[in-house]
Amino acid sequence: MSFFGITRATLTKDVRLEWRSKDAINAMLFFSLLVVVIFSFSFDPTAEESRRIAGGLVWVAFLFAAIVALNQTWARELRNQVLDAYRVSPAPANALFLAKAFGNFIFVTVLEALMTPLFIVFYKLRALGPTWELLPIAALGTWALVVNGTFFAAISLRTRSREIMLPLLLFPISIPALLGMVNATTAILTGEGSARFWIALLVAYDVVFTIACLLLFETVLEAE
Amino acid sequence: MNYLYAAYVATWVIHGTYLAILVRKYSKIRRETESLKK
Amino acid sequence: MKRGFSILAIVTALLLSFALYEALIAAPTERTMGDVQRIFYYHVPSAWTAFVLFLINFVASVVFLIRRDTKADILALVTAEVGVVFCTVVLATGPIWARPVWGIWWTWDLRLTLTLVLWLIYVSYLVLRRFSASSQTPVLAAVLAIFGALDVPLVYFSIWFFRTQHPSPVIGGGGSLDPRMAHVLLINWAAFLCLAWLVCWTRYRLEVVEREVEEAQALESLLEDSR
């Protein structure tokens, strides 16, 4: 089976399994909703102020939702000893990694799509800059979190306190990406300043770390 | 002026703490090698 | 080996004393900030030393992944630990300097922020080494170190641009440096590099012994079980 064939097959299997066991999805959707509501209670700014801080709030909320999704990335594989099978099979490890990363990307994007309208409503948000630019920012930012998150989830597999190890490893490394996401979003919302530099930074971040993950995933898989 | 001394003192406190940790590890290893030799 | 270590220890002690004298007494007093500026002679060299140590960590991690040589792994661990110590010094002296000069404890100054992020990355590296229960921890740690190192230029540029949009006080004087001050700065840097070398050497030897003892203990418990 070809590389992308394996990737697609694994991805479809994951999506189908998640869809059947809707419990996990529903729990995470509800968690995302809770995050938005709690933030809205905690910060109640005027419309003018909210445009300045919404960028940060939204992405922190997305980050927490993403962590919840990322933590269970490899849970099923671990339960069923799938990783051992992958280690001995000739299938390229990267196919598995990409499938997992894409799966997480789709899932986190769904969570974001749910949370965004709520944020818009609660914070009376209206973008003063080019709104369409928010889409590439969201995509690039989400991929930045997801690609490293999937990778670090694999590293954390055999550590004590696995669930806390993932954010602990992910957050520091993600700081430039976070700066990029937040500042780009704020630039669009407030209409002040250009998001161009931050988008370029996000592209650079995504390229560097996607390549790094693809090059080093096999090493990590062997090491587990 | 106090800030100047505070900074220099802080520097050496931090280095000193790490060295103290190393000393403690060293004594522990000493004890363990002794018990292994028996 | 032992002689080299003693020589280094003496050189370090001498250099540190001399550097301290230079920093506190010999160096000229800065016009605007006064004597508080002398914190600079500890703050900046500590940052540079930390960066050097993390660079060594990166190289050692790459070497380890390629050669799987234990010595490289121990070097990586040691430089990460000592690097974090020096980073802590930077993060402590920075605010102590900022407070009397700017009235605030923290500023998103490029060097200070970069040091904070590095501190976070390498502390997470040390936590991984402590918490990982796998026998392949060195490999995982080396991979993480590479990710951390790749992150550094991205962190630098993101903070740099952030600062151009949100200008904040620069700790350490942005302008050109009086050559006498540069001289004292370099002396202190040399002293701290020697200190770093000395501490790393000590930690390295300690780690080697610790691993040997661990192996011996494991062997002993194996033998006991089989009786």
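These legends walk through several close-up views of a predicted model.

**View 1. How the chains meet.**
Let us start with who touches whom. Of the 2 pairs of chains in contact, chains A and C share the most contacts. Chains B and C also meet, with 18 residues of chain B in contact with 23 residues of chain C. The side of chain B that touches chain C is made up of 13 nonpolar, 3 polar and 2 charged residues. Chain A and chain B, by contrast, do not touch, and their nearest C-alpha atoms are 23 Å apart.

**View 2. Chain B on its own.**
Here is chain B, which has 1 helix and 0 strands. Its C-alpha atoms fill a box of roughly 55 × 10 × 5 Å along the principal axes. Chain B has 38 residues, and 11% of them are buried.

**View 3. The side of chain C that touches chain A.**
In this contact, 27 residues come from chain C and 27 residues from chain A. On the chain C side, helix 4 (110–131) and helix 5 (137–165) each supply at least two residues. Helix 5 of chain C gives the most to that side, with 15 residues. Sorted by class, the side of chain C that touches chain A holds 19 nonpolar, 7 polar and 1 charged residues.

**View 4. Helix 8 of chain A beside helix 5 of chain C.**
This view shows a pair of helices from two chains. Helix 8 (residues 162–190) of chain A packs with helix 5 of chain C at an angle of about 30 degrees, and their axes are 9 Å apart. Angles under 35 degrees count as roughly parallel, so helix 8 of chain A and helix 5 of chain C are roughly parallel to each other. Their crossing is left-handed. From helix 8 of chain A, look for residues including Leu169(A), Ile173(A), Pro176(A) and Leu179(A). From helix 5 of chain C, the contact residues include Leu144(C), Phe147(C), Leu154(C) and Phe162(C). By class, this contact has 10 nonpolar, 4 polar and 1 charged residues.

**View 5. Two helices that cross within chain A.**
Now we stay inside chain A. The axes of helix 3 (residues 47–71) of chain A and helix 6 (residues 93–123) of chain A come within 10 Å and cross at roughly 145 degrees. This crossing of helix 3 and helix 6 of chain A is right-handed. Among the residues that helix 3 of chain A brings are Val58(A), Phe62(A), Ala65(A) and Leu70(A). Helix 6 of chain A meets them with residues including Phe107(A), Leu111(A), Met115(A) and Tyr123(A). The residues of this contact of helix 3 with helix 6 of chain A divide into 14 nonpolar, 2 polar and 1 charged. Elsewhere in helix 6 of chain A sits Thr109(A), which counts as partly exposed because it has 16 C-beta neighbours inside 10 Å. Thr109(A) and Ala139(A) are 30 residues apart along the chain, and their C-alpha atoms are separated by 8.0 Å.

**View 6. The largest nonpolar core.**
The largest nonpolar core has 133 residues, and those with the most contacts inside it are Ala65(A), Ala76(C) and Leu144(C). Helix 3 (residues 70–102) of chain C gives the most to this core, with 19 residues. Which residues does Ala76(C) touch, not counting residues up to four places away in sequence? Ala76(C) touches Asn57(C), Ala60(C), Ser61(C), Phe64(C), Ala141(C), Ala142(C) and Ala145(C).

**View 7. Leu114(C) and its partners.**
Leu114(C) is part of helix 4 of chain C. Is Leu114(C) buried or partly exposed? Leu114(C) counts as partly exposed, because it has 19 C-beta neighbours inside 10 Å. Leaving aside neighbours within four places in sequence, Leu114(C) is in contact with Val155(C), Tyr156(C) and Ile159(C). Leu114(C) and Tyr156(C) are 42 residues apart in sequence, yet 6.5 Å apart in space, C-alpha to C-alpha.

**View 8. Cys194(C) in helix 6 of chain C.**
Our last stop is Cys194(C), found in helix 6 (residues 179–226) of chain C. Cys194(C) is buried, because 20 other C-beta atoms lie within 10 Å. Apart from neighbours within four places in sequence, the contacts of Cys194(C) are Leu8(C), Val11(C), Thr12(C) and Leu15(C). Leu150(C) lies 44 residues from Cys194(C) along the chain, and the C-alpha atoms of the two are separated by 27 Å.

How values were computed
Residues numbered from 1 in each chain as written. Chains lettered and ligands numbered in written order. Predicted model: local features only at pLDDT ≥ 70, side-chain atom pairs only at ≥ 80, totals over all residues. Core = buried A, V, L, I, M, F, W, Y, C linked by C-beta atoms within 7 Å. Buried ≥ 20, exposed ≤ 12 C-beta atoms within 10 Å, placed from the backbone. Helix = DSSP H or I, 4+ residues; strand = E, 2+ residues; numbered from the N terminus. Contact = placed C-beta atoms within 7 Å. Nonpolar A, V, L, I, M, F, W, Y, C, P; charged D, E, K, R; others polar. Axes fitted to C-alpha atoms, helices over the stretch in contact; angles between N-to-C directions. Left-handed = near helix turned anticlockwise from the far one by under 90°. Parallel < 35°, antiparallel > 145°, perpendicular 65-115°, else oblique.
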